[in-house]
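Dear colleague,

Please find the structure below, handed over for your reference. The findings follow directly after it.

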Amino acid sequence: MKGGSVARLDNMSGDNGAGGPRRSRQAPLLVAPGDDLGDSGEYEAGHGVLAINGRLRALKQGRMNNRGGTVSIEPRRTSYVPRPSDLVIGYIEGCTSNIWFVDIGAPFNAILPMSLGPSKAEFGGIRKVLDIGDAILCRVQEVEENHSSVVTMKGMGLRAIRAGTVEEIDPHLLGRLIGRGGNNLRQLKEETECRVVAGDNGRVWLDGDLDGIINARDRLNALLTEAKIEEFGGEV
Amino acid sequence: MGGYGDVQCIDENGIRLDGRTKDEVRPVSIETGVVPVADGSARIRWGLNDCIAAVYGPMEAHPRKIQRQDRAVLDVRYNMAPFSTTDRIRPGFNRRSREISKVTAEALESVVLTELYPRSKIRVEIEIICAEAGTRCAGITAASVALAHAGIPMTDMVVSVASGKVHDIVVCDLNKEEDNYGEADLPMGILPNTGELVFLQMDGDLSPDQFQEAWDYNMEAAKVIHEEMVRALKGGGE
């Protein structure tokens, strides 16, 4: 029952195989919640890290990164937490006379007021515009302290999704899907001849002909499997 | 805590019924990702104990009266399967499972950063598939790993282990016979990185020296189990 070596900034050196602060293409330093990551003096606590009594402590399971003096953890799993201006794909879950409730994959449903809907709707007749179960591409307009959020469909490209399919991935893997400067996403679009829209909540809209969608979906799954293996130090 | 009968749980050489010495822990193995539809899950096999924990959320807390405006609530449900022991257990909640659910939630609340998810609920389901002894400890440990696997931010993981007294000898990690016929047991929830305590119960009587001895056994056992928890999270499962 030997555990993996605990990643600490102050015990990393060439001698113990850690090779100093991480550069890309080195073996990932995996951490578990509670792992001590070293002295907080020189480093700042980033995502998934908390400074407690002058020491940095991991809060999540994942891969430790040290970029520009900020130590953060790229978690293995995340749940989506909405932020203003996020582009998200949601499903209509319910409605009142003038408000839709939208499942955006966050702990709480967002609301879409009639005034921010895709087209003019009559009071009491909003289900004629968007019905329960419909998928929409929308943007987070406002997030309150208690995590309630408001989404809008007023904006360029925001619409009801009437064609194609929606796939889901973990939000923290979006960076890998999009790639540096959007390279991976552009390549995916070109090679599958599909419209691909990646929402910040980890939902990806694929639209095109059937073969293209199937191809894009397979590539998406392959990319994510590869990312997961890579994250945890296996061979790709 | 029986104390009755004439069951010899430990011999004159200090060897217990299952062949362990008095400071030895039962074999522990943990795997993650055993419930694919859950946000996080873990299975622990600890001696003959077999326990699965699954975590869902954070999600909107229902009914609304359980919501807290400044933090999430942990909704823990501990249950023993009817077939988990030799005597069939009547399905459903009972006083024991309510108590264990409550102490488990309180132990886990001390490490989970609930304030990051106001008005939310994190659902933790613990199911005992096979019970030997120390199922509450197995449940808390499995729930800890499942929470970490679900990506819930927490300052440490809780390791729970119980030591106790059999024929006036303090032994580590009680098995079924020791639990049934022993004189005392001391389950503890330990934060292995800091050595802090988040949960402690005691059933039976221990002298201050025996209490200290049981405490030390638990602290040492926690390190062994924590290594396995970390191994499961860093390398195992989906």
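In strand β11 of chain A, A:I136 is the bridge partner of A:G90. Helices and strands here are DSSP runs, numbered from the N terminus, with at least four residues (H or I) for a helix and at least two (E) for a strand. Two strands are taken to pair if DSSP finds at least two bridges between them.

Residues are numbered from 1 along each chain as its sequence is written, while chains are lettered from A and ligands numbered from 1 in the order in which they are written. The model is predicted: local features need pLDDT of at least 70 and side-chain atom pairs count only at pLDDT 80 or more, whereas totals for chains, interfaces and linings use all residues.

Chain A

The secondary structure of chain A comprises three helices and 16 strands. Strand β8 (residues 87-95) of chain A is joined to β11 (residues 135-143) of chain A by five bridges, and the two run antiparallel. Four bridges also link β8(A) to β9 (residues 99-103) of chain A, again in antiparallel fashion; there, A:Y91 stands opposite A:D103. Three residues lie between β8(A) and β9(A), which form a hairpin.

Chain A also has an open sheet of four strands, with mixed pairing and the order β1-β6-β7-β3. Its edges are β1 (29-31) and β3 (44-45) of chain A; each has a single partner strand, so one side of each is left without a neighbour in the sheet. β1(A) runs antiparallel to β6 (residues 62-67) of chain A, with three bridges between them, and A:L29 stands opposite A:M64 in β6(A).

Of the 236 residues in chain A, 31% are buried. A residue is buried if 20 or more other C-beta atoms lie within 10 Å of its own, exposed if 12 or fewer do, and partly exposed in between, with C-beta atoms placed from the backbone.

Chain B

An open sheet of five strands in chain B has the order β1-β2-β3-β5-β4 and mixed pairing. β1 (28-32) and β4 (73-80) of chain B stand at the edges with a single partner strand each, so one side of each has no neighbour in the sheet. From one strand to the next, the twist averages 15°. Strand β2 (residues 40-46) of chain B runs antiparallel to β3(B), joined by seven bridges; B:A42 stands opposite B:A53 in β3(B).

Helix α3 (residues 176-181) of chain B contains B:E178. This residue counts as buried because it has 27 C-beta neighbours inside 10 Å. Leaving aside residues up to four places away in sequence, B:E178 touches B:C9, B:G164, B:V166 and B:V171; two residues are in contact if their C-beta atoms, placed from the backbone, lie within 7 Å.

The contact between the chains

Chain B contributes 31 residues to the contact and chain A contributes 25 residues. On the side of chain B that touches chain A, β3 (49-60), α2 (135-149) and α4 (208-235) of chain B each supply at least two residues. α4(B) gives the most, with eight residues. By class, this side of chain B has 14 nonpolar, nine polar and eight charged residues. Ala, Val, Leu, Ile, Met, Phe, Trp, Tyr, Cys and Pro count as nonpolar, Asp, Glu, Lys and Arg as charged, and the others, Gly among them, as polar.

With kind regards

Terms used. Axes fitted to C-alpha atoms, helices over the stretch in contact; angles between N-to-C directions.
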